[in-house]
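Okay, let me put the model up on the screen.

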Amino acid sequence: MNAPNNRQSSAEDFMTLTDLWRICIAHRRWFVFSLCLCLGIAVCYLIVTPPLYTRKATVLVKQEQMGKSAVKITSDEEFNSIGLMQQSTNVANVQRELTSLRVLTEVCRRLFPKECTSDTAALRKAEAVRNRLKTKVENDKSTIINITYTDPSPVTAERVLNMAVQVYNEQWVADKQLVTTNALHFIQERLTLLEKELGNVDDSISVFKMRNNITSIEQVSEIYLQQQSQSNAELLRLTNQKAMAEYILDILRDKSMHNQLLPTNSGINNAVAETQINLYNSMLIQLKSNLHGTSTQNPLIIKQEAELEDVRKNIFATITNQIKTIDIQLQSLHDFNGTASSKLSSTPEQAKHLLSVEREQKVKESLYLYLLQKKEENEIQKSYTSFNTQLIDMPHGSDQPTSPNKRMVIFVAVLIALVMPVTVLFVKESLNTTVRNRYDIENKTALPVIGEVPFFHFHPQGRWQRWLAVFARQNKRQESTDMVVVHPGNQNLINEAFRIIRTNLEFGTGKGQANNVYIVTSDDSGTGKSFISINVAIALAIKERNVLLIDGDMRHATTSRTFGAHSAGLADYLGGKHDNFSELIVQSEEYPNLHILPVGTIPTNPTELLSSKRLEQLIARVRGQYDFVLIDCPPASILADVDIIKSYADMTLFIIRAGTFARNRLPKLESDVANGRYKHLSVILNASNLDFRYGYHFSNCNSYWKS
């Protein structure tokens, strides 16, 4: 019969949603308190937290692609392909630089001069601004960056966004002009040197012609010039390229010039070298920018320097190979010119010398014109002040604060207020291994439960006052009164609970008096045996049933004290001090059908007295005189008194107190019943929480805890 219950015990112990709902309803005051607390905290948070406003702006990053130079000085195809710095802007770099400390420090100095009294203060303020500044590229293929800034002041947020874009543009233009300035300085040095050399060549030609009376050698060398025209043009181009390449190599070899930018638009006919030089200049500018506010020991700086050194080596290798290629081409051209010159063996020595000098003049003149063209291009680039970025959406945003979100804060507060008590109650009940209600008993055992008695505080005073009264043994009359909770005509929950027990006892006893002796016991003390015994007896007496209540707990005599102190009683009869126990039975003044046999004198050997044959004789005689005989016994697992008394009883009322009796002890109790330790055992569950189950609450319905 018990096997199915045991197999289902694990599933039945699990708390269902219905059980959790009932527990939550029973502790609804917790939810009210939690809701008030969480809402109070949420309101305080909203009061003390300043509102934050968000402003957004949209920035377009221009893809810089300058056209070819409008200045066309020579007809050579190489010069025609030379333009201003052709490059595309990296959107990710722009996004990073907009939030760099270099830009934001300058923004803070301009907007918050009172707070940025020193470099350290400005840097600290810039870090605070960066924490509130967010950037995001609109999509992978777009050059549009969305910028947002959050601040207690919407005006300040708009000013920060505008100033950040403005400062970035100014610094970007300054960086570009720095590169142009260095290129102009290099070109000017070369022009000065070429002017001097070109003047010397012109003087040499003039002196030679005057000395040899030569006016024109065109007619003499017409054939030679026709043969060498293409060779000279190629020789001129290669010579210019080699000169520029060697100058760049000189810069790369000199370690003292490693922090100097390389000249761009140098005219080297090598796209790889031009790309590497542009990359080198960009990385060098970025390194100098990052050195502001940090040291050379920064891992990021070390990494950038290493990357810069790798690029420098690549440039050196590329230009070296280019020079070798040019030398091979020049040697070939010189060999060709030597062959052509040999054909002019018949030409006068003066013509040969003049042609050589004029060739040198043309080379230097072409290089001079080329440098003049580059100077003009860089002057144009220097005066070109178009910004790299453009605001396409001015800073804007809602007038309502974005943080804190009042609705979300209130929602979270309400959610926590509901979840927290549910969690606590669920954990508390999940860890509760005691009997909680009659379903725990019925699911685990086949023991009959004839009633549940709700929890009841018997003292109207506070908890500490009750303990003080018990400790001082005061207010005994009040204690006696509070032990009795069953009264005629009272319809509260606890009276109804005892009426149910009374009905079940009448049904179990039947009309005859053959099985009318009950013992009331439990496994532990403090389960409320005396409380149950007294009120069950009163409930039967109210229905005009003759009831005898025997106080069999001769160590505590709680029942005897409840109905007043008596000098003689059961102990005196069992000890032989009185032979007629009828004289020791006391009739209740309030309930005429209720009779009490008190303990009387507290004995020192209650177990020995109970073993007397007088107890058997007493029970045999009262069995036929009363409709019900209830014996209030001590705990069965602690004392041997119950094992003596139960042999004369017909039924056993076993009291289990909810919240104290472990559920894993129920199978042991059922086993004891099966083994015949208890006769016809029925369970009464005490201190059960019934108020939420019936849909209404009784403030005085909680069961007495003291046996």
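Arg 102 is partly exposed, with a relative accessible area of 24%. For the cut-offs: buried means under 20% relative accessible area, exposed means over 50%, and partly exposed is in between, with a 1.4 Å probe and protein chains only. Before I go on, this is a predicted model, so local features need pLDDT of at least 70 and side-chain atom pairs count only at pLDDT 80 or more, while totals for chains, interfaces and linings use all residues. Residues are numbered from 1 along each chain as its sequence is written, and side-chain values use heavy atoms, with hydrogens and water left out.

So what does Arg 102 meet in a salt bridge? Its partner is the side chain of Asp 175, at 3.2 Å from N to O. By salt bridge I mean a side-chain nitrogen of Lys or Arg within 4 Å of a carboxyl oxygen of Asp or Glu. Asp 175 sits in helix α9 (residues 154-212) and Arg 102 in helix α7 (residues 101-111), so this pair ties together parts that are 73 residues apart in sequence. Helices and strands here are DSSP runs, numbered from the N terminus: H or I with at least four residues for helices, E with at least two for strands. Asp 175 is buried, at a relative accessible area of 17%.

How many salt bridges does the structure hold? The count is 26. Take Asp 440 with Arg 436: the closest N and O atoms there are 3.2 Å apart, and Asp 440 counts as buried at 5% relative accessibility. Then there's Asp 524 with Arg 665, whose side chains meet at 2.9 Å, N to O. Asp 524 is in the loop between β6 (517-521) and α19 (529-542), and Arg 665 is in the loop between β11 (651-657) and α25 (666-674), so that pair ties together parts 141 residues apart in sequence. Asp 524 is partly exposed at 26% relative accessible area, and for Arg 665 the value is 26%, partly exposed too. There's also a network: salt bridges with shared partners join Asp 643, Lys 646, Lys 668, Asp 672 and Arg 677.

Lys 646 lies over the face of Tyr 678, at 5.8 Å from the ring centre. The rule for a charge over a ring is NZ of Lys or CZ of Arg within 6 Å of the ring centre and within 35 degrees of the ring normal. The charged end of Lys 125 does this as well, over the ring of Phe 112, 4.6 Å from its centre.

Tyr 678 belongs to one aromatic cluster together with Phe 654 and Phe 661. In total, the structure holds 6 aromatic pairs. One of them is Phe 654 with Phe 661, edge-to-face, 6.5 Å centre to centre and 80 degrees between the planes. Rings of Phe, Tyr and Trp (its six-membered ring) pair if their centres lie within 6.5 Å; planes under 30 degrees apart are stacked, over 60 edge-to-face, the rest tilted. Phe 654 is buried at 0% relative accessible area, and Phe 661 is buried at 4%.

Now the strands, which pair if DSSP finds at least two bridges between them. Let's stay with β6. Buried or exposed, which are the residues of β6? 5 of the 5 are buried, so β6 is largely enclosed by the rest of the structure. Both of its faces are covered, with Val 517, Ile 519 and Thr 521 on one side and Tyr 518 and Val 520 on the other. β6 pairs in the parallel sense with strand β10 (residues 628-632) over 4 bridges, and 4 bridges join β6 to β11, also parallel. Tyr 518 stands opposite Leu 630 in β10 and opposite Met 651 in β11.

β5 (residues 449-454) has 6 of its 6 residues buried, so that strand is largely enclosed too. It runs parallel to strand β12 (residues 681-688), with 5 bridges joining them.

Last item, the open sheet: 4 strands in the order β2-β3-β1-β4, with antiparallel pairing. β2 (133-137) and β4 (389-396) stand at the edges with a single partner strand each, so one side of each has no neighbour in the sheet. β1 (residues 53-61) pairs with β4 over 5 bridges, and Val 61 has Thr 389 as its bridge partner in β4.
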